[in-house]
Amino acid sequence: MCNLYTSTTNIEALRQLSRLLDRLADRAFFNEESFDVYPNRFGPVIRMVGGGPEMVRARWGMPSPPSMLQGKDFDYGITNIRNTVSPHWRPWLSPGHRCLVPVLKFTEPDPARKRPGERTPDAWFARPDGRPFFFAGLRTRWTGKRLAREEPATHELYAFLTTASNALVAQVHPKAMPVILTRDEEIDIWLRAPWDEARHLQRPAAESDLIILPGEKDRPKLP
């Protein structure tokens, strides 16, 4: 599933994507037009605080279910969330724990292009017009160890929802794709509506919302 994407912290570009973001405050201070985000690394997310949106720095990977942590004293985190009926995820489905994850493009593994002895290459997906969009994210504050070599600390964490693949993504990855938000009304619902309404956004994006980027070179995966 998607474990690498390219984000942006271009505040002006993000403000133009929704009327809810026209007063978006920058608390992340990445100051980068484009950069890659990997699991358990830091990326920008947009959350609502006191009725207003702010972009903050968060670590990719929500707390893992306890059953996955037996014998471990650290939690690397869960990057993709599909089963929202699970009791583990239920406490984080309210508007106060939802966020937007800014994205320029994302990858899915492409096994059809894999050569013997090599790792599975990636296919990259983006909007046809190249504009940013959002993954539907969940966030929380959490205290603990993220890596065995780290000391316990308090972190802002996030992950994003996945759903069934649309026909375009299914050409590469038939099992799942991120939940994508591109329209103002979708962003409004995700940030402010009760879960009974917002849960309907967990569906495949329209095929017209994405393209597979031609000639995109594969990037090395970090350990």
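## Salt bridges, core and a loop proline

A search of the whole structure, which is a predicted model, turns up 16 salt bridges. The tour visits some of them, then the core, then a loop.

**Arg 19 and Asp 184.** Select these two side chains; they form a salt bridge with an N to O distance of 3.1 Å. Arg 19 sits in the loop between helix H1 (11-15) and strand E2 (25-26), and Asp 184 belongs to helix H3 (residues 184-192), so the bridge ties together parts 165 residues apart in sequence. Arg 19 is partly exposed at 49% relative accessibility. Asp 184 is partly exposed as well, at 22%.

**Asp 73 and Lys 145.** Next, select this pair, whose side chains meet in a salt bridge at 3.4 Å, N to O. Asp 73 is in the loop between strand E5 (52-60) and strand E6 (80-81), while Lys 145 is in the loop between E10 and strand E11 (153-163); the two are 72 residues apart. Is each end buried or exposed? Asp 73 has a relative accessible area of 52%, and because the cut-off for exposed is over 50%, Asp 73 counts as exposed. Lys 145, at 16%, is buried, since that value is under 20%.

**Arg 183 and Asp 209.** Move to Arg 183, which forms a salt bridge with Asp 209; their closest N and O atoms are 3.0 Å apart. Arg 183 lies in the loop between strand E13 (180-181) and H3, and Asp 209 in the loop between helix H4 (195-198) and strand E14 (211-212), 26 residues apart. Arg 183 is partly exposed at 33%, whereas Asp 209 is buried at 11%.

**A network.** Now select Arg 27, Arg 47, Glu 54, Arg 139, Arg 141 and Glu 156: salt bridges with shared partners join them into one network.

**The core.** The largest nonpolar core has 57 residues, and those touching the most other members are Tyr 5, Leu 100, Phe 106, Phe 134, Phe 135, Tyr 158 and Trp 190. Strand E10 (residues 133-144) supplies the largest share of this core, 6 residues. Centre on Trp 190: beyond its neighbours within four places in sequence, its contacts include Arg 98, Leu 100, Leu 138, Leu 161, Trp 195 and Leu 201.

**Pro 111.** Finish in the loop between strand E8 (105-109) and strand E9 (122-126), where Pro 111 is found. Pro 111 is exposed, at 51% relative accessibility. Which residues does Pro 111 contact, leaving aside neighbours within four places in sequence? They are Thr 120 and Val 172.

Notes
Residues numbered from 1 in each chain as written. Predicted model: local features only at pLDDT ≥ 70, side-chain atom pairs only at ≥ 80, totals over all residues. Heavy atoms only, no water. Helix = DSSP H or I, 4+ residues; strand = E, 2+ residues; numbered from the N terminus. Buried < 20%, exposed > 50% of the residue type's maximum accessible area, 1.4 Å probe, protein only. Contact = heavy atoms within 4.5 Å. Core = buried A, V, L, I, M, F, W, Y, C linked by side-chain atoms within 4.5 Å. Salt bridge = Lys/Arg side-chain N within 4 Å of Asp/Glu carboxyl O.
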